[in-house]
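Try each task yourself before you read the solution.

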Amino acid sequence: MEQFLQVGVISSTHGIRGEVKVFPTTDNAARFKELKNVLLDTGKERIGLEIQSVKFFKQFVIVKFKGIDNINDIEKYKGKSLLVTREDAVELDEDEYYIADLIGMDVFTEEGHFGVLRDVMETGANEVYIVDSDSHGEVLIPAIRQCVLDVDPEENRMTVRIMDGLI
């Protein structure tokens with residue numbers, strides 16, 4: 001399981017005082033109000049940053065980090081991810097999973113190994129799991145109880161029922 005979970009991506013700077021526009025990759029952008037610290041993933045290292053203030057603008061979160069007071073200090077991090085540790089992540093309800101834990105999971109049917117979960121597509125009604133199947137190529141499986149029978153993140157295993165018309 002992933003130790004660090006992505007909560008957003010820095011899309012651009014905002015003003016000249018070191019604020020950034022963050023595209024949230026979490027279900028609830030309002031959770032940025034509760035965050036105190038994040039890790040900036042530069043690709044080479046992870047830098048701990050303390051959040052000083054948070055505002056909202058359209059689909060973005062405007063974040064000001066403590067100690068970064070100039071556009072030049074933050075501009076080089078455009079396109080970089082903001083992460084939180086699993087301990088700082090949002091508490092999940094029963095039958096909810098972090099997408100990072102699902103990706104790469106082995107998918108099985110009653111007949112045996114079916115494929116590997118490659119991605120999760122978020123739609124209005126429910127999520128859809130994109131599975132690279134051993135024998136059927138890319139298969140889209142709706143994340144509904146009729147299709148997803150069991151998910152075991154510790155075993156990196158998901159059991160599904162393929163409904164008629166899915167393959």
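**Exercise 1. Find how many aromatic pairs the whole structure holds, and classify what you find.**

*Step 1.* A search of the whole structure finds one aromatic pair. Rings of Phe, Tyr and Trp (its six-membered ring) pair if their centres lie within 6.5 Å; planes under 30 degrees apart count as stacked, over 60 as edge-to-face and the rest as tilted.

*Step 2.* The partners are Phe 23 and Phe 60: their ring centres are 6.4 Å apart and their planes stand at 70°, so this pair is edge-to-face.

*Step 3.* Now place the two rings. Phe 23 belongs to strand 2 (residues 19-24) and Phe 60 to strand 5 (residues 60-65), so the pair ties together parts that are 37 residues apart in sequence. Strands are DSSP runs (E, at least two residues), numbered from the N terminus.

Before you go on, note that this is a predicted model: local features need pLDDT of at least 70, side-chain atom pairs count only at pLDDT 80 or more, and totals for chains, interfaces and linings use all residues. Residues are numbered from 1 along each chain as its sequence is written, and side-chain values use heavy atoms, with hydrogens and water left out.

**Exercise 2. Decide for Phe 23 and for Phe 60 whether the residue is buried, partly exposed or exposed.**

*Step 1.* Recall the cut-offs: buried means under 20% relative accessible area, exposed over 50%, and partly exposed in between (1.4 Å probe, protein chains only).

*Step 2.* Phe 23 has a relative accessible area of 41%, so Phe 23 is partly exposed.

*Step 3.* Phe 60 has a relative accessible area of 17%, so Phe 60 is buried.

**Exercise 3. Find which charged end sits over the ring of Phe 60, and which one sits over the ring of Phe 108.**

*Step 1.* The test is that NZ of Lys or CZ of Arg is within 6 Å of the ring centre and within 35 degrees of the ring normal.

*Step 2.* Over Phe 60 you find the charged end of Lys 21, 5.5 Å from the ring centre.

*Step 3.* Over Phe 108 you find the charged end of Arg 157, 3.8 Å from the ring centre.

**Exercise 4. Describe how strand 5 pairs with strand 2 and with strand 4.**

*Step 1.* Start with the whole barrel: a closed barrel of six strands runs 1-2-5-4-3-6, with antiparallel pairing. Two strands pair if DSSP finds at least two bridges between them.

*Step 2.* Strand 2 pairs with strand 5 in the antiparallel sense over three bridges. Here Lys 21 stands opposite Ile 62.

*Step 3.* Strand 4 (residues 46-57) pairs with strand 5 in the antiparallel sense over six bridges. Phe 56 stands opposite Val 61, and Lys 55 has Ile 62 as its bridge partner.

*Step 4.* Look at the turn. Strands 4 and 5 form a hairpin with two residues between them, and Lys 58 in the turn has a positive phi of about 55°.

**Exercise 5. Work out which residues of strand 5 point one way and which the other way.**

*Step 1.* Phe 60, Ile 62 and Lys 64 point one way, while Val 61, Val 63 and Phe 65 point the other way.

*Step 2.* Check the cover: six of the six residues in strand 5 are buried. Lys 64 is one of them, with a relative accessible area of 8%.

*Step 3.* Follow the side chain of Lys 64: this side chain reaches the backbone oxygen of Ile 68 at 2.4 Å. A polar contact is a pair of N or O atoms within 3.5 Å; within protein, one must be able to donate a hydrogen and the other to accept it, and residues adjacent in sequence count only if both atoms are side-chain atoms.

*Step 4.* Leaving aside neighbours within four places in sequence, Lys 64 is in contact (heavy atoms within 4.5 Å) with residues including Glu 19, Glu 50, Ile 51 and Asp 69.

**Exercise 6. Name the edge strands of the open sheet.**

*Step 1.* The open sheet has six strands in the order 10-9-8-7-12-11, with mixed pairing.

*Step 2.* Its edge strands are strand 10 (137-142) and strand 11 (148-152), and each pairs on one side only.

*Step 3.* Strand 11 pairs with strand 12 (residues 157-160) in the antiparallel sense over four bridges. Asp 152 has Arg 157 in strand 12 as its bridge partner.
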